[in-house]
Structure formats: C-alpha cells, structure tokens
Amino acid sequence: MTQWEIYRVAFESLWLTFSLRARLLLRQRTLLGAVVLSFLVILLSLVLARISWVQPEKIFWDFSLSVLFVLAVFLSSYLAANLLREEQDRRTLHLVLSSGCSRGAWLVGNFLGMFASVAAVTLAGFLFALLVAKVSFQTSVPALAVTATLGIVLESAVLLALALFASFFVRPLLALLLTLALTVALHSLSSLQRVFTDPVTGGFLDTWPLRVLLKMATFFPPLEWFDLKPLVGYESTLPAHYLVSMLGLCLFWSGLYLVLAQVRFERMDL
Amino acid sequence: MEAETILAVTGVTKRYGDLKVLDDVSFSLAAGASLALVGANGAGKSTLIKIILGLCHPSAGGGQLFGHPFHRPEGRARVGYLPEFPSFWPELNARELLGFFGRFRSIDEPERTRRAEKMLSVLGLSGRAGRRLGGYSKGMLQRSGLAQALLHDPKLLILDEPMSGLDPRAQSKLRDIFSALRAQGKSFLISSHSLEDIRLLCDEVVVLEKSKLTLSGPTNEVLGRLLQKYQNSEPWDDDPMGDLSSGL
C-alpha cells in the first residue's frame with residue numbers, strides 16, 4: 001500500500017464515521033426534541049418581548065439566542081461525554097476499528113459528525129427565530145444575530161472537543177459535569193477579573209486561591225470571545241478581524257483537545 | 001510450497017498492573033488453516049484476540065496480521081471479526097449496517113448491494129432487513145454480525161465465542177454456515193468452549209491456562225490430552241468457586 005493509498009483510506013474512514021455519526025444523531029429523538037424545545041422557547045421569547053415596554057426586538061433576540069446557546073452547550077457536552085462509553089459498551093467501537101478504521105479517523109469523524117448535528121440544531125433554531133422576528137417585528141435582521149449564532153456554533157465545537165477529551169479520562173457523567181462547570185466558569189471570567197482588579201473589592205479578594213484560579217484559566221479556551229449575544233440589538237458592528245480571531249480560537253482549542261484526546265486514545269486498551 | 005503465514009503471535013505478554021493476563025504467548029496460523037483458542041474463563045483468550053485486532057496493546061512481544069503489525073489498520077482490513085454478543089447501532093437497519101461496513105471495506109457499488117443482499121438471504125435476514133436493529137433478537141444480531149464479518153470475503157475469520165447465548169437450533173445453523181466457509185478454504189481463529197465446534201472447524205488448538213500457552217498442536221491430539229487431564233483432576237481445581245460450592 002502506498003503512502004497516498006494510506007491517506008485515502010484514512011480520509012474515507014473519517015468521512016464514513018462522520019456520515020454515520022451525523023445520520024445516527026439525526027435519527028435520535030434527542031436532537032428532534034432539542035429542535036422542538038428551541039422552537040417552543042423561541043415562541044415564549046416572542047410573548048415576553050410583546051409584553052415588555054421597551055426594546056421588544058432586543059428582548060426577543062436576547063432570549064432566543066440564549067436558548068440556542070444553552071441547548072448547544074448541553075447537547076455538545078452530553079453527546080461528546082457519552083460517545084466513547086456508549087460505543088465501547090455496544091462493542092461497535094471494536095467492530096469499526098477491527099474493520100480497518102484508525103483510531104484517529106474514528107475520533108475526528110465522530111467529532112465532525114456530532115459538530116454537524118449540533119450546528120444543524122442551532123441553525124434550525126436560528127432560522128425559526130429569524131422567521132418569527134421577520135413576521136412579528138417586520139424589521140431587517142440584525143447582522144449581529146447572525147454573528148452571535150456563529151459564535152454559538154464555534155463554541156459548541158470547542159465544548160465537544162473538551163467533553164470528548166474529558167471522557168477519555170473520567171466517567172461520562174463526570175465529563176459532562178466538568179464541561180458544564182468549566183463553561184459556566186469560563187463565561188464568568190471577565191466579571192471575576194473586574195471584581196478582582198477593582199480598587200475597593202480587589203484588595204479584599206486578593207488571595208492566593210483566586211490568583212491561582214485566574215492563572216489556571218489561561219490553560220482553558222477563552223469562551224467569552226464566542227459570546228456575542230449581549231451585543232445583539234445595539235447598533236454596533238464587529239470588525240472582520242474579530243470573526244477571524246473567533247474562528248482561529250475555535251480551530252486552535254478544539255484541535256488541541258482532539259490531539260490530546262487522540263494521544264490518550266492511542267494508548268488505551270479497549 | 002509452504003503456505004503463507006497470515007497470523008504470527010510472538011511472545012505476547014499482557015499485564016494489567018500486577019496482574020499478568022498473558023505470559024509470553026507465541027503461535028502462528030498459515031493461510032487455509034484454522035486454529036482454536038481454548039481455555040477457562042479469564043485465561044486470556046479474548047484479550048489475545050483484542051491484541052491481534054489492535055484493540056489492546058501488548059505489554060511485551062507483538063506479531064503480524066497479513067504481514068502488518070497488529071497496531072496498523074491495514075492487516076485488520078482483511079479480517080472478518082465477530083465479537084461475543086455483537087450489538088449494533090439501534091437506529092440502523094441490517095441493510096444500512098451492511099452498506100456502512102461494505103463502504104468501510106472499500107467495496108464499490110453495485111457489488112456492495114449484491115453482496116449485502118446475498119449475505120442477508122444466506123443468513124435468513126432478508127425479510128427483516130428493513131427493520132431497525134434495535135428490535136432484533138440475539139440470534140438475529142449474531143447473524144447480522146456474521147454478515148458484516150463475511151461481507152468483504154475475508155481470508156481470516158476471528159470469532160469470539162460465536163455460539164454463546166444462542167439456542168440449539170441457531171447454533172446448528174451457524175455451525176453449518178461455518179462448515180461451508182471452512183470447505184471454501186477460509187481460515188478461522190476461534191475462541192470457544194465447545195469441543196464439538198473445535199473438532200468440526202479447526203486443525204490446530206492452542207490451550208491457554210493461567211495466562212500461559214500450555215498445549216498446542218493438532219486438534220485431536222490436543223483435545224485428547226486435554227480431556228485426559230480434566231478426567232484426572234477435580235472440577236474447579238484452583239477455582240474459588242470450588243470452595244464456595246463445597247460449603248453449600
């Protein structure tokens with residue numbers, strides 16, 4: 001077998017694993033349920049927007065994007081944290097690997113399959129919100145709503161890789177909880193830093209555990225970069241280089257976690 | 001002319017911490033020949049199969065499958081593997097499952113569909129091939145597993161306790177299929193407790209006891225010595241269950 005053929009087979013395995021994972025997930029009720037739930041809560045957002053006194057459109061987008069964000073976070077963490085254990089228990093992992101698929105192709109293929117499914121759910125929710133906004137407010141779609149949705153999708157890729165990485169070391173439930181806890185913590189970093197550097201509260205909080213905590217955060221993805229929801233509804237725009245940075249961060253962090261997961265996976269006995 | 005060696009296991013040792021599951025196990029299998037792995041539960045048969053398929057890493061030693069080291073996927077691609085208690089993605093049906101594994105094995109259309117339909121028909125699954133695998137019985141799952149293992153017409157079939165959990169009728173059917181495959185010249189590596197199956201399908205036997213290879217050779221000779229040994233020993237010798245049952 002030439003080197004070229006080896007690459008071709010590896011790519012085919014990756015593509016097959018990707019398409020299988022995406023197909024399996026789209027047939028599961030979990031994703032369908034997530035889509036239905038997002039539609040219902042988006043409709044509820046409209047009701048809340050209608051009964052508010054000011055900025056109904058902003059309130060609508062705030063709620064709708066928050067729903068899509070929460071769904072994407074939960075779905076990514078849940079799917080990725082359970083993948084390895086589920087495939088091992090069912091022995092489908094053994095069958096696929098014994099069919100000539102490499103561990104790397106299995107890992108990346110499944111990651112892409114899960115990412116495509118979560119992105120599809122987020123996109124479906126966004127399109128529904130777009131439709132509702134168009135009919136209810138009859139204004140043009142805020143450009144930042146599109147960017148904020150892109151941020152949610154990119155963040156879900158990072159969380160998928162993070163949960164997948166964690167699931168190679170701990171049980172699925174713990175991997176899920178760890179990912180969710182990290183998501184909450186990493187989304188609160190700037191608030192914590194603000195309190196920390198404040199002349200009044202800073203002195204009081206300037207203790208070594210907090211300093212260590214903030215230092216440790218540099219080893220994790222800066223998730224706040226992906227969070228553009230609060231900007232929607234204001235007449236602000238984002239510079240193009242911000243989008244490029246967001247994409248770069250997503251590729252770097254999800255790539256890093258996948259590489260680390262692969263290093264662990266290669267050494268694992270199945 | 002000497003037959004090509006399709007499987008070579010060389011000094012394989014496997015440890016889990018202080019526990020030695022396999023200790024310096026070596027044997028080989030020539031093309032067209034069949035070999036049975038025999039041993040009590042926990043003797044290391046399944047671990048050895050996992051090492052051969054690259055699912056476990058040996059602590060020492062290694063080997064080759066079709067001339068490729070165990071950890072490389074190229075050798076595994078030429079093997080058909082049926083695990084003990086196979087189960088699949090419940091969202092797929094048998095036709096889709098075979099389609100997926102057929103694509104994995106690089107079988108192009110229309111050959112893939114032709115082979116899948118043939119397998120489904122031979123294994124008596126045609127009528128239910130459109131039903132989701134989640135609703136299949138154990139026997140049907142076993143047959144689906146065999147279909148995926150045979151789809152790419154492999155030279156070597158690795159079967160881990162292929163009869164376990166099946167009713168006698170299903171066992172008899174599966175035995176007929178294996179015999180027909182054996183007559184076609186396919187090689188088998190079988191882990192089994194059934195001496196009847198081993199006699200029917202295998203030319204050679206490798207006995208694993210307490211993680212070591214203790215006996216190997218032609219089937220009749222090894223099975224004869226093994227039976228003699230068992231007749232001269234107490235049941236469950238060295239087995240903690242033996243103490244337990246005597247206290248009942």
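Student: Before we start, what are the ground rules for pLDDT and numbering?
Tutor: The model is predicted: local features need pLDDT of at least 70, side-chain atom pairs count only at pLDDT 80 or more, and totals for chains, interfaces and linings use all residues. Residues are numbered from 1 along each chain as its sequence is written, and chains are lettered from A and ligands numbered from 1 in the order in which they are written.

Student: How many residues of chain B are in contact with chain A?
Tutor: On the chain B side, 23 residues are in contact with 20 residues of chain A. Contact means that the C-beta atoms of two residues, placed from the backbone, lie within 7 Å.

Student: Which elements of chain B supply that side?
Tutor: α2 (73-76), β6 (79-82) and α3 (94-104) of chain B each supply at least two residues. α3(B) gives the most, with four residues. Helices here are DSSP runs of H or I, at least four residues, strands are runs of E, at least two, and both are numbered from the N terminus.

Student: And how does the chain B side divide by class?
Tutor: The side of chain B that touches chain A has 14 nonpolar, three polar and six charged residues. Ala, Val, Leu, Ile, Met, Phe, Trp, Tyr, Cys and Pro count as nonpolar; Asp, Glu, Lys and Arg count as charged; the others, Gly among them, are polar.

Student: Back to α3(B). At what angle does α3(B) cross helix α1 of chain A?
Tutor: The axes of α1(A), residues 3-27, and α3(B) cross at roughly 160° and come within 10 Å. Axes are lines fitted to C-alpha atoms, for helices over the stretch in contact, and angles run from 0 to 180 degrees between N-to-C directions.

Student: Parallel or antiparallel, then?
Tutor: α1(A) and α3(B) are therefore roughly antiparallel. The cut-offs: under 35 degrees is roughly parallel, over 145 roughly antiparallel, 65 to 115 roughly perpendicular, and the rest oblique. The crossing of α1(A) and α3(B) is left-handed. A crossing is left-handed if the near helix is turned anticlockwise from the far one by less than a right angle, and right-handed if clockwise.

Student: Which residues meet there?
Tutor: A:Ser13, A:Leu16 and A:Leu20 meet B:Phe100, B:Arg103 and B:Phe104. The contact of α1(A) with α3(B) has four nonpolar residues, one polar and one charged.

Student: Now inside chain A. How do α2(A) and α5(A) cross?
Tutor: Helix α2 (residues 29-51) and helix α5 (residues 103-137) of chain A have axes that come within 10 Å and cross at roughly 25°. α2(A) and α5(A) are therefore roughly parallel, and their crossing is right-handed.

Student: Who touches whom?
Tutor: The α2(A) residues include A:Leu31, A:Phe39 and A:Leu46, and those in α5(A) include A:Val121, A:Gly125 and A:Phe128. By class, the contact of α2(A) with α5(A) has 11 nonpolar, four polar and no charged residues.

Student: What about the largest nonpolar core?
Tutor: The largest nonpolar core has 136 residues. Such a core is a set of buried Ala, Val, Leu, Ile, Met, Phe, Trp, Tyr and Cys residues joined through C-beta atoms within 7 Å. Helix α3 (residues 56-90) of chain A gives the largest share, 17 residues.

Student: Which residues touch the most other members?
Tutor: Among them are A:Leu160, A:Leu164, B:Ile52 and B:Ile158. Leaving out residues up to four places away in sequence, A:Leu164 touches A:Ala80, A:Leu83, A:Phe111, A:Tyr257 and A:Ala261.

Student: Where is B:Ser192, and is that residue buried or exposed?
Tutor: B:Ser192 is in the loop between β8 (187-191) and α7 (195-201) of chain B. B:Ser192 is buried, with 21 other C-beta atoms within 10 Å. Buried means 20 or more other C-beta atoms within 10 Å of a residue's own, exposed 12 or fewer, and partly exposed in between, with C-beta atoms placed from the backbone.
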